[in-house]
Amino acid sequence: MNPRSEYGGRPDASSPRLSSLIGLPVRFANGQHAGYVNDVRFAPSDRVRGSLSELVTHGLVVGRHRRGTMLGYDRRREQGPLLVRVVVRAIQRDTGYVPWTSVRDVGPGDGVVQLSVDALDELEDV
Amino acid sequence: MTNPGRRLDARLHLLDRQILDVDGRMVASVDDVEIQRRADGTFAVTALLVGPGVLGPRMGGVTGRTMTAVWERLAHKDRTEPGRIDMSEVADIGSAITLSVRRERLSVAGFETWVRERVIEKIPGAFHEPQE
């Protein structure tokens, strides 16, 4: 089976890209600004694509800063050096995680990610 | 080596990673990731996208627009034809992304290949034997 046909046609420039989600503003259910999409977390699904499990969205890393990734220091508690880790975590203290089940709408066209919750979860390590 | 149950943060673990073919030879770097919405509302990673036609729009600004325009003119392509590696051809995701195929089978031209073919090889003397 042609993997391209599974989603109803050959992807082209109109196919969404990761870069179209990164940096989108995120809104809580109550309308307040939650931050921006800093990263998209994927998890293996039951479906196999080639020799690997298909990766599907598990949730969004949301931070206050639009371009807030910090080389993984904000995702791994054990990553050193300690001083750098402490500084980065202080800067990124408002970064959180929202599981995909709490994402009500993702609109690259509208430019907003709408959540069904009013708070972010703690960001777990990967 | 990929842990089968491992979660990945796309920007951290996929973007800008080197892509190696089945023989360990450099193919390109991941410039963007193609995603497609599934029936259950989630998005699935369907392909890795490579090349200046993809990197330019991602960079944005004057630099990104210039890169894309130059690439479109020299490569005689437009941005609707990104270099695309289907995820079914990915064998492992680690510090590099390893494919299950040889790079000759891919219809992608990484930035390095593009520069070599479109710029370096156009310079007179590019094919001279190196001097001892």
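Predicted model: local features only at pLDDT ≥ 70, side-chain atom pairs only at ≥ 80, totals over all residues.
The contact between the two chains draws 33 residues from chain A and 32 residues from chain B. On the chain B side, at least two residues each are supplied by strand S1 (8-9), helix H1 (10-13), strand S4 (32-37), strand S5 (43-50) and strand S7 (90-93). Of these elements, S5(B) gives the largest share of that side, with six residues. Sorted by class, the side of chain B that touches chain A comprises 14 nonpolar, 10 charged and eight polar residues.

Strand pairing also links the two chains. Strands of a sheet pair through backbone hydrogen bonds, in either a parallel or an antiparallel sense. Here, strand S2 of chain A, residues 33-49, pairs with S1(B) in the antiparallel sense, over two bridges. Within S1(B), Asp9(B) is the bridge partner of Arg41(A).

Within chain B, four strands form an open sheet in the order S3-S2-S8-S7, and the pairing is mixed. Its edges are strand S3 (26-29) and S7 of chain B, each of which pairs on one side only. On average, neighbouring strands of this sheet are turned by 25° against each other, direction ignored. One pairing in chain B joins strand S2 (residues 18-20) to strand S8 (residues 97-99); these strands run parallel and are connected by two bridges. There, Leu20(B) has Thr98(B) in S8(B) as its bridge partner.

How values were computed: Residues numbered from 1 in each chain as written. Chains lettered and ligands numbered in written order. Contact = placed C-beta atoms within 7 Å. Nonpolar A, V, L, I, M, F, W, Y, C, P; charged D, E, K, R; others polar. Pairing = 2+ DSSP bridges. Axes fitted to C-alpha atoms, helices over the stretch in contact; angles between N-to-C directions.
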